[in-house]
Amino acid sequence: MVKNLYKKIKSSREQNGFSQGYMANELGMSRPTYMQIETGERDITVTEAKKLAAIFSVSLENFLAGKSSVPEIILPAETNKSKTSTIIRIRKTKKDLNKFKQVLLYILGKVGSKPNVGETVLHKLLYFIDFDYYEKFEENLIGATYIKNHHGPTSVELGTIIRDMQKKEEIETVKSKYFKYEQRKYLPLKRANLNKLSARETKQIDDVLARLSDKNAKEIENYSHGDIPWIVAKNGKPLSYESVFYRDEHYSVRNYDDKL
């Protein structure tokens with residue numbers, strides 16, 4: 001194995017919140033065999049290297065070079081709100097990370113106890129909340145950055161937000177199993193500050209939760225793969241907020257005959 005590549009595999013797995021059991025299942029091997037890869041006791045095959053690159057949403061070349069797929073978080077810029085524009089571009093957006101915490105607490109308070117709602121489902125719920133809101137109102141709710149991950153849209157900021165909230169004892173982590181799969185769940189230790197969310201924002205969150213929160217990780221992953229922002233993005237790159245205006249009738253949440 002390339003020197004220190006096994007260390008990069010371990011760090012990439014931890015950054016993405018993947019368990020060793022999950023990785024072993026994706027690679028089609030036992031957990032002890034996978035653990036040998038992370039400790040450098042077992043070399044990986046070309047086929048396994050390709051699978052690992054896909055899991056971490058990087059090219060094979062970058063994977064072997066130990067390069068990360070996580071993009072830099074960029075703050076504000078202007079937006080193009082035209083439905084008829086033929087140019088789809090990555091949108092630089094102003095984020096509200098304090099609001100992110102309140103939205104996360106609100107979601108967890110509503111559906112966090114559901115057995116299917118683990119970290120993977122959370123990423124997708126946040127994505128649809130953010131992108132649906134932008135399509136409807138041409139404004140950001142959170143404005144988080146989502147990259148095209150092997151398993152669908154993944155929030156760049158969620159891991160940092162969760163660690164900060166754990167330190168402040170605002171949420172707790174629970175490791176469980178959903179059927180045969182290992183799962184990481186988060187439960188709220190305090191209520192969301194609803195003064196930070198408008199009635200329009202909470203309604204939008206409720207709409208997404210009513211529509212999608214009963215889906216398991218695989219179902220919501222497959223569903224997200226059909227959405228235009230995920231389809232047009234490159235692996236490991238941010239999804240464009242502007243591309244929501246090219247959604248088809250299966251994903252669009254806005255009546256374009258109406259004026260705002």
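**Figure 1. Helix 3 and its buried residues.** In helix 3, which spans residues 31-38, the buried residues are Tyr-34, Ile-37 and Glu-38. Looking down the axis of helix 3, you would find these buried residues within an arc of 100 degrees, so they line one face of the helix. After helix 3 comes Gly-40, with a positive phi near 80 degrees. Please keep in mind, here and in the views that follow, that this is a predicted model.

**Figure 2. Helix 6 beside helix 7.** Two packed helices are described by the angle between their axes and the distance between the axes. For helix 6 (residues 97-111) and helix 7 (residues 119-137), the packing angle is about 120 degrees and the axes are 12 Å apart. Angles from 65 to 115 degrees would count as roughly perpendicular, and helix 6 and helix 7 are therefore oblique to each other. The crossing in which helix 6 passes helix 7 is right-handed.

**Figure 3. Helix 6 beside helix 9.** Here helix 6 meets helix 9, which covers residues 199-212. Their axes come within 11 Å and cross at roughly 45 degrees. The pair, helix 6 and helix 9, is therefore oblique. Helix 6 passes helix 9 in a right-handed crossing.

Figure 4. Is Thr-202 buried or exposed? With a relative accessibility of 16%, Thr-202 counts as buried, because buried means under 20% relative accessible area. Its side chain reaches the backbone oxygen of Ala-199 at 3.0 Å.

**Figure 5. Ser-113 in the loop between helix 6 and helix 7.** Ser-113 sits in the loop that lies between helix 6 and helix 7. Ser-113 is exposed, and its relative accessible area is 64%. What is the C-alpha to C-alpha distance between Ser-113 and Lys-185? The two are 8.4 Å apart in space, while 72 residues apart in sequence.

**Figure 6. Glu-138 and Arg-254.** Glu-138 belongs to the loop between helix 7 and strand 1, and Arg-254 lies in the segment after helix 11 (228-232). Both residues are buried: Glu-138 has a relative accessible area of 16%, and Arg-254 has one of 18%. The side chains of Arg-254 and Glu-138 make a polar contact at 2.9 Å. The Arg-254 side chain also reaches the backbone oxygen of Glu-135, at 3.0 Å. Take a look at the backbone of Glu-138 too: its phi is positive, about 55 degrees, although Glu-138 is not a glycine. As background, most residues other than glycine have a negative phi.

**Figure 7. The hairpin of strand 1 and strand 2.** Strand 1 (residues 146-149) and strand 2 (residues 152-155) run antiparallel and are joined by 4 bridges. Together, strand 1 and strand 2 form a hairpin, with 2 residues between them. Which residue of strand 2 is the bridge partner of Ile-147? The partner is Thr-154. In a regular strand the side chains alternate between the two faces of the sheet. Both faces of strand 1 are covered: Tyr-146 and Lys-148 are buried on one side, and Ile-147 and Asn-149 are buried on the other.

**Figure 8. Helix 8 and the residue Glu-169.** Helix 8 runs over residues 158-167, and its buried residues are Leu-158, Ile-161, Ile-162 and Met-165. Viewed down the axis of helix 8, these buried residues fall within an arc of 100 degrees, so they line one face of the helix. Helix 8 is followed by Glu-169, a residue in the loop between helix 8 and strand 3 (171-178). Is Glu-169 buried or exposed? Glu-169 is exposed, with a relative accessible area of 62%. Its phi is near 55 degrees, a positive value in a residue other than glycine.

Key
Residues numbered from 1 in each chain as written. Predicted model: local features only at pLDDT ≥ 70, side-chain atom pairs only at ≥ 80, totals over all residues. Heavy atoms only, no water. Buried < 20%, exposed > 50% of the residue type's maximum accessible area, 1.4 Å probe, protein only. Pairing = 2+ DSSP bridges. Arc of directions from axis to C-beta. Polar contact = N/O pair within 3.5 Å; in protein donor to acceptor, adjacent residues only side chain to side chain. Axes fitted to C-alpha atoms, helices over the stretch in contact; angles between N-to-C directions. Parallel < 35°, antiparallel > 145°, perpendicular 65-115°, else oblique. Left-handed = near helix turned anticlockwise from the far one by under 90°.
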